[in-house]
Amino acid sequence: MNKRLEERTDPEILDELGRRLAQVRSGVGMNQEEAAARAGLNRTTVSRAERGENPTLLTVVRLLRVYGRLASLDSFIPEPEVSPMALIRKGRVTSHG
């Protein structure tokens, strides 16, 4: 699929997430059974996640941890940058409040 993520439907994005999870698992040389055992999950849960069947965030976190890719969450949800003006405003609010 060549559409950008922003152009995809939710089910298409879940399919892509599943495809990527399967690729990462394969890249680290694990089968679904091994990944499930190491993540404390059922193999069926791993299979469903890889098919894009709406995995829970906990399932994704556990799999990323097992695959050594937990740091990829930083690009998924990066720490928000705080502008200097926001810091100044916060300082005013806390010093007067």
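Biologist: How many helices and strands are there in the protein chain?

Modeller: The protein chain has six helices and zero strands, where helices (H or I, at least four residues) and strands (E, at least two) are DSSP runs numbered from the N terminus. Read from the N terminus on, the elements run α-α-α-α-α-α. This is a predicted model, in which local features need pLDDT of at least 70 and side-chain atom pairs count only at pLDDT 80 or more, while totals for chains, interfaces and linings use all residues. Residues are numbered from 1 along each chain as its sequence is written, and side-chain values use heavy atoms, with hydrogens and water left out.

Biologist: What radius of gyration does the protein chain have, and what would a compact globule of 97 residues have?

Modeller: The protein chain has 19 Å, whereas a compact globule of 97 residues would have a value near 13 Å; the radius is taken over C-alpha atoms, and the globule rule is 2.2 Å times the number of residues to the power 0.38. Along its principal axes, the C-alpha trace spans about 55 × 30 × 20 Å.

Biologist: Why is helix 2 called roughly perpendicular to helix 4?

Modeller: Helix 2 (residues 32-39) and helix 4 (residues 57-66) pack at an angle of about 105°, with their axes 9 Å apart. That angle makes helix 2 roughly perpendicular to helix 4, because angles of 65 to 115 degrees count as roughly perpendicular, under 35 as roughly parallel, over 145 as roughly antiparallel and the rest as oblique. The axes are lines fitted to C-alpha atoms, for helices over the stretch in contact, and angles run from 0 to 180 degrees between N-to-C directions.

Biologist: Which residues make that contact between helix 2 and helix 4?

Modeller: Helix 2 contributes Ala 35, Arg 38 and Ala 39, and helix 4 contributes Arg 62, Leu 63 and Val 66, where contact means heavy atoms within 4.5 Å.

Biologist: What makes Val 46 count as buried or exposed?

Modeller: Val 46, which has its place in helix 3, is buried, with a relative accessible area of 0%. Val 46 touches Gln 32, Ala 36, Leu 41, Leu 63 and Tyr 67, again not counting residues up to four places away in sequence. The C-alpha atoms of Val 46 and Leu 63, 17 residues apart along the chain, are separated by 8.2 Å.

Biologist: How do you know which class Arg 48 belongs to, given its relative accessibility?

Modeller: Arg 48, found in helix 3 (residues 43-50), has 44% relative accessibility and therefore counts as partly exposed. Arg 48 and Leu 73 are 25 residues apart in sequence and 21 Å apart in space, C-alpha to C-alpha.

Biologist: Where is Asn 54 found, and why does Asn 54 count as buried or exposed?

Modeller: Asn 54 is found in the loop between helix 3 and helix 4, and it counts as exposed because its relative accessibility is 58%. Asn 54 also has a positive phi of about 50° although it is not a glycine.

Methods
Buried < 20%, exposed > 50% of the residue type's maximum accessible area, 1.4 Å probe, protein only.
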